[in-house]
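Dear colleague,

I am passing on the structure we spoke about, with notes on its fold to read alongside it. Please look through it before you go on to the notes.

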Amino acid sequence: MSRKPLMTVTNIAKKFGGFRALDGISLVVEPGEILGLVGPNGSGKTTLINVISGLYYPDHGSIHFQGVDIARLPMHKRSGLGINRTFQIPKPFKSLTVQENVNLAYHYGKNSVMAPDEALEFVNLSQYRDHLASELNSSQQKLLDLARALATGPKLLLIDELAAGLNHQELETVANHLKNLSQQNIALIVVEHHLGFVNQLTERVIVMNAGKEIFQGSLSQAAQDPTVAAVYLGTGT
Ligand SMILES: Nc1ncnc2c1ncn2[C@@H]1O[C@H](COP(=O)(O)OP(=O)(O)OP(=O)(O)O)[C@@H](O)[C@H]1O
């Protein structure tokens, strides 16, 4: 049975000055699927997340989310439609407590299905609920960022480099949690350098280089692709 895509990104371009950070990239995300977005530093992964979440508008191209072109909607409107994100460098309200941070996101979200306590439980931060966000270490701040994104009730969650700084056990727990979200029909785009983490999450990756897709398929297929090996895995000739 064919389903309608949750999001269709078509031919997106984004320049900074004369530099093409995104150069005609397209992708499709189905409801509840996990898509890995990988590639070398500077290949445009975070820029693509920024353009999908509404931090930047693209110069060209369209982004259809549940049939609506959102490419020029502001970030809060996209969030209201069910697109939310985490940041490579988390941005909690540091002078608020952990609980207050998640409460605020919950209050702001229009589709919330996960209550603040549940979101904190989900990322194993319940015992820190009364701590100021500034008291958390950097990996805990990443988990708080994830809890805030979850509390808004996303249909599509954009996750930017969550794995860095998490220990082996935290990674395994978070991977299981993310798979659980996907089973609840929340789609995920996971930008990540930790390929073992990506491999735990999904079979489908897009490899980017210089603002373009250079490969789409499974990570194991990507490892055998000569172009990917040359530009990303460092094993090309
Ligand atoms: N706001 C900006 N102004 C100018 N240049 C930018 C801006 N944002 C990104 N870039 C440039 O666009 C290119 C792509 O950056 P981006 O952060 O999207 O890459 P990335 O694949 O996420 O890299 P990394 O894996 O290192 O996080 C880089 O050369 C970066 O310097």
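Helices (H or I, at least four residues) and strands (E, at least two) are taken here as DSSP runs and numbered from the N terminus. On that basis the protein chain holds nine helices and 10 strands. Its radius of gyration, taken over C-alpha atoms, is 17 Å, close to the 18 Å that the globule rule (2.2 Å times the number of residues to the power 0.38) gives for 237 residues, so the chain is as compact as a globular protein of that length.

Please bear in mind that this is a predicted model, in which local features need pLDDT of at least 70 and side-chain atom pairs count only at pLDDT 80 or more, while totals for chains, interfaces and linings use all residues. Residues are numbered from 1 along each chain as its sequence is written. The mean pLDDT (the predictor's confidence in each residue, from 0 to 100) is 91 for the protein chain, with 95% of its residues reaching 70 or more. Confidence is highest in strand β1 (residues 7–16), at 98, and lowest in α9, at a mean of 88. The model scores ipTM 0.97 and pTM 0.92.

As to the sheet, two strands are said to pair if DSSP finds at least two bridges between them. Six strands form an open sheet with mixed pairing, in the order β6-β7-β8-β3-β9-β10. Because β6 (83–85) and β10 stand at the edges with a single partner strand each, one side of each is left without a neighbour in the sheet. From one strand to the next the twist averages 20°, where axes are lines fitted to C-alpha atoms, for helices over the stretch in contact, and angles run from 0 to 180 degrees between N-to-C directions.

Within this sheet, β3 (residues 34–38) and β8 (residues 187–191) run parallel and are joined by four bridges, with G36 standing opposite V190 in β8. Strands β9 (residues 204–209) and β10 (residues 212–217), by contrast, run antiparallel and are joined by five bridges, and I206 stands opposite Q216 in β10. The hairpin of β9 and β10 has two residues between the strands, and A210 takes a positive phi near 50° there.

Helix α6 (residues 168–183) lies across β3, β7 (156–160) and β8, and runs at about 145° to β8. Helix α9 (residues 226–233) also packs on the sheet, where α9 touches β9 and β10 and makes about 120° with the direction of β10; contact here means that the C-beta atoms of two residues, placed from the backbone, lie within 7 Å.

With best wishes
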